[in-house]
Amino acid sequence: MAEINTKSSLRILLASAEVAPLAKAGGLADVAGALPKALRALGADVCIVMPAYRMILDNPEYSISGVIDTFPVRLREGSIHTAWVRRTSLPNKSEFGNIPVYLIGESRVSAPSAAFFEHATTSTRIYAMEPDPYLFFDRAVVEWVSRINQTWHPDIIHSNDWHMGLIPLFSRQHSSLAHGLHRPKHVFTVHNLEYQGEFGHDQWFATGLAEDLYNLDGLECYGKWSFMKGGLNFADYVTTVSPRYAIETQTPEYGAGLDGLLHKLSVQGNFSGIVNGIDTSVFNPESDPNIFANYSISSHSGKELCKAELKRELGLDTAGHPLVIGMVTRFVEQKGFELIHAAAERLMAMNVQLALLGTGDPRYERFLVELCDRHPGRAAVKIEYNAALAQRIYAGSDLFLMPSRFEPCGLGQLIALRYGAIPIVRATGGLADTIVDLDEDPASGTGFSFSDYTPESLLNAISRACKAMSNKQSRDRLILRAMQSDWSWDRSAQKYLDIFETLSGRHLIRNETGKITV
Ligand code: GLC
């Protein structure tokens, strides 16, 4: 096992609004909770910084330190806030030790409203509608880094999604971080280009930034300003979460207005895609405590039990042998619900059962509830956020459906593979990069995919999947191949590390004994 020389290691600070399992609303959290561990395993010295949501502070499972630092943060003229920092660590210890998590919060002694992040009592309440909490957090991170710079100066600050988008700009403007020996380099990762954190010009004053940044090379974007623009324009390097999405986002269809800028960054060699992995210690059917029976590649008979119990739990008919199609997702247009809506009755005419879990657009929630009412015992939906039930759906489903209109990476298909639920996906973004269609490539296919965004193509892929799964031999072969495919973080973390090393000019070298030095 490699020893890590933390004294001289490459230092990385990852900033994210969500980190699993502390606060999770979507895939961003899974990435932010797993990538640091994989980077640590490769020899980097990694810390995480995130907002101190009330739900984390109130959770007795985390041992959180007292306040270790407090300092003023100036948002704009006449608006000074007090930031504080507390420390905890990721609960799933990696074999290389704990990953520290720094929580930054705000104190208000007497104020008309509660401090930022106090409203976040559950993961569905993490996000605020106004820019101030993020302006505060991004400025506070930069200020805090300048304070710890003597003892732990990050070589890289890795900011994720729009909420962290202004960290690179504030850092460049900071008197003690902008120059000198320890100027951190900035990597900004886009997890979904659709959410840009846009605000109107009437809110520009809130940024505390000079008017000359309200232009195309600054934060201005089609008559508004956005945090995302800050990340793209001021980071040293931009990544997104799959190579295919990196290409797609340079086209008007997927670029959400930023295709021109992303293309420019790509031509300059400053933009690329790295596919996400999954945390194989969390998503593991062999040890998952949430599922009815554990199973493994060498013996996946437990999966049948998981399927039978899932049917009982969701009230699906237990007679006969219909294939169970699972979906764990946000019920939003991006995830392909227009297609599902158009194809639903034809889908129910097939010999399948549906097991659905998620929350989202009330319009789709209503449609799904009505669909289940029309087909009792054949389709079941739970409108909730439930991580344990999600695992039981992965374990108990034969097929896993992700017909997304666009998908930056998608983690569901990777988790499904690990649990032997065969993915049916639309070939876009990370779904295209991770799932090989069985009919196109019988020797290495791991699922089924379709390209045209039409109900017919979707139904065609589902019926091809049903056909392959109805033959026991081909089904067993497919399940085995799915479970064997390796989407752990190792390879992708190495790609991030390559970028971090190039930018910082610091290189981790593994010598013959496996010891890592810089
Ligand atoms: C966003 C994207 C999803 C991606 C996740 C993590 O939720 O929509 O495709 O897997 O971020 O990067």
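Is Asp-161 buried or exposed? I looked this up first in the notebook, keeping in mind that the model is predicted. Asp-161 has a relative accessibility of 9%, so I count it as buried.

**Backbone entries**

I placed Asp-161 in the loop between β6 and α4. Its phi is near 60°, which is a positive value in a residue other than glycine.

I then looked up Tyr-222, where phi is near 50°, again positive in a residue other than glycine. Tyr-222 belongs to the loop between β9 (220–221) and β10 (224–226). Its relative accessibility is 66%; the cut-off for exposed is over 50%, and Tyr-222 therefore counts as exposed.

I noted a cis peptide bond from Ala-20 to Pro-21, with omega near 0°. Pro-21 is in the loop between β1 (11–15) and α1 (27–41).

**Aromatic entries**

I searched the whole structure for aromatic pairs and got 22. For Tyr-134 and Trp-162, I read 4.9 Å between the ring centres and 65° between the planes; edge-to-face requires over 60 degrees, so this pair is edge-to-face. The two residues are 28 apart in the chain and link distant parts of it: Tyr-134 is in helix α3 (residues 132–148), and Trp-162 is in the loop between β6 (156–160) and α4 (167–173). Tyr-134 is buried at 3% relative accessibility, and Trp-162 is buried at 11%.

I also looked up Trp-489 and Tyr-496, whose ring centres are 6.3 Å apart with planes at 50°, so I logged the pair as tilted. Both Trp-489 and Tyr-496 are buried.

I found that Tyr-134 and Trp-162 share one aromatic cluster with Phe-199, Trp-204, Tyr-214, Trp-225 and Phe-227.

**Charges over rings**

I recorded Arg-139 over the face of Phe-170, 3.9 Å from the ring centre. I recorded the charged end of Arg-491 over the ring of Trp-487, 5.7 Å from its centre.

**Helix entry**

I looked up helix α9 (residues 337–348) against helix α10 (residues 362–374): the axes come within 11 Å and cross at roughly 5°. Angles under 35 degrees count as roughly parallel, so α9 and α10 are roughly parallel to each other. On the α9 side I listed Phe-337, Glu-338, Ile-340, His-341, Ala-344, Glu-345 and Met-348 in the contact. On the α10 side I listed Arg-363, Tyr-364, Phe-367, Leu-368, Leu-371 and Arg-374. I sorted the residues of this contact into 8 nonpolar, 1 polar and 4 charged.

Key
Residues numbered from 1 in each chain as written. Predicted model: local features only at pLDDT ≥ 70, side-chain atom pairs only at ≥ 80, totals over all residues. Heavy atoms only, no water. Axes fitted to C-alpha atoms, helices over the stretch in contact; angles between N-to-C directions. Helix = DSSP H or I, 4+ residues; strand = E, 2+ residues; numbered from the N terminus. Parallel < 35°, antiparallel > 145°, perpendicular 65-115°, else oblique. Contact = heavy atoms within 4.5 Å. Nonpolar A, V, L, I, M, F, W, Y, C, P; charged D, E, K, R; others polar. Phe/Tyr/Trp six-rings, centres within 6.5 Å; stacked < 30°, edge-to-face > 60°. Buried < 20%, exposed > 50% of the residue type's maximum accessible area, 1.4 Å probe, protein only. Lys NZ or Arg CZ within 6 Å of the ring centre and 35° of its normal.
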